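Subject: Handover of a protein structure

Dear colleague,

Please find below the structure that I am handing over to you. My notes on what was found in it follow directly after.

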Amino acid sequence: MQLFDATSGLGSGGYLFADKNELEVGYNDPTPALNRFRFTAAAAEYKGMWTHSGAEAGLIMKTVTITIGTSLGTVQWSAPVMSSVPFAVMSLHYAGPGVVTTYMTARSTSGFTIRCDSSGASGSATAMIWAWRA
């Protein structure tokens, strides 16, 4: 099942495809703006662009730059105040010499704090954050 643009005859809008081997559901239009979930017996995949916004966001993904040896202060979630405190995982990419230790504290509905300590390291690093609300 798919909605069509009556003028162009092209697929546009909500999209649902199912057969004995797969299910696809999502949004389709004549531009590259495709956003679909595809489910098969082997796996589930997502095709498209992911974003998050508003207090009800279920998944949050973001990156921030950290200066080694400092506290970044409060990193804001996507909305001014989330409906509940998200759980979060953080990974740090640092290509320089030395050892960098990072940790996250003070998670709240508005954000969290990242602390970045070092032993012989300097410069900056990129923190990649993935969070979710349960």
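**Salt bridges**

The structure holds 4 salt bridges; a salt bridge is a side-chain nitrogen of Lys or Arg within 4 Å of a carboxyl oxygen of Asp or Glu. This is a predicted model, in which local features need pLDDT of at least 70 and side-chain atom pairs count only at pLDDT 80 or more, whereas totals for chains, interfaces and linings use all residues. Residues are numbered from 1 along each chain as its sequence is written, and side-chain values use heavy atoms, with hydrogens and water left out.

One of the salt bridges is formed by the side chains of Arg38 and Glu22, at 3.0 Å from N to O. Because Arg38 lies in strand β4 (residues 35–40) and Glu22 in strand β3, this pair ties together parts that are 16 residues apart in sequence. Strands (E, at least two residues) and helices (H or I, at least four) are DSSP runs, numbered from the N terminus. The side chains of Glu22 and Arg38 are also joined by a polar contact of 3.0 Å. A polar contact is a pair of N or O atoms within 3.5 Å; within protein, one must be able to donate a hydrogen and the other to accept it, and residues adjacent in sequence count only if both atoms are side-chain atoms.

Glu24 takes part in a salt bridge with Arg36, where the closest N and O atoms are 3.2 Å apart. That pair links distant parts of the chain, with Glu24 in strand β3 and Arg36 in strand β4, 12 residues apart. Glu24 forms a salt bridge with Arg38 as well, the closest N and O atoms being 3.8 Å apart. Here too the pair links distant parts of the chain, Glu24 in strand β3 and Arg38 in strand β4, 14 residues apart.

Which residues are linked in a network of salt bridges? They are Glu22, Glu24, Arg36, Arg38 and Glu45. In general terms, side chains of opposite charge can pair when their charged atoms come close.

Are these residues buried or exposed? Buried means under 20% relative accessible area, exposed over 50%, and partly exposed in between (1.4 Å probe, protein chains only). Glu24 is buried, with a relative accessible area of 8%. Arg36 counts as buried at 16% relative accessibility, and Glu22 does so at 19%. Arg38 is partly exposed, its relative accessible area being 24%.

**Around Glu22 and Phe17**

Glu22 belongs to strand β3 (residues 22–28). Leaving aside residues up to four places away in sequence, Glu22 touches Phe17, Arg38, Phe39 and Thr40, where contact means heavy atoms within 4.5 Å.

Phe17 is part of strand β2 (residues 11–18) and is partly exposed, with a relative accessible area of 32%. The C-alpha atoms of Phe17 and Arg38 are separated by 9.2 Å, while the two residues are 21 residues apart along the chain.

**The nonpolar core**

The largest nonpolar core has 17 residues, of which Val64, Ile114, Ala127 and Ile129 touch the most other members. Strands β6 (59–67), β10 (111–119) and β11 (124–132) each supply at least two residues of this core, and β11 gives the most, with 4 residues. A nonpolar core is a set of buried Ala, Val, Leu, Ile, Met, Phe, Trp, Tyr and Cys residues joined through side-chain atoms within 4.5 Å. In soluble globular proteins, nonpolar side chains tend to be buried together.

Residues up to four places away in sequence again not being counted, the contacts of Ala127 include Lys62, Val64, Met90, Leu92 and Ile114.

**A loop residue**

Ala106 lies in the loop between β9 (99–105) and β10. Its phi is near 55°, a positive value in a residue other than glycine. Most residues other than glycine have a negative phi. Ala106 counts as exposed, at 57% relative accessibility.

**The chain as a whole**

The protein chain has 0 helices and 11 strands. Of its 134 residues, 22% count as buried. Among contacts between residues at least 6 apart in sequence, 48% join residues at least 24 apart. The accessible surface comes to about 8100 Å², and 59% of it belongs to carbon and sulfur atoms; accessible areas come from the Shrake-Rupley method with a 1.4 Å probe, and for residues only the protein chains shown count as cover.

With kind regards
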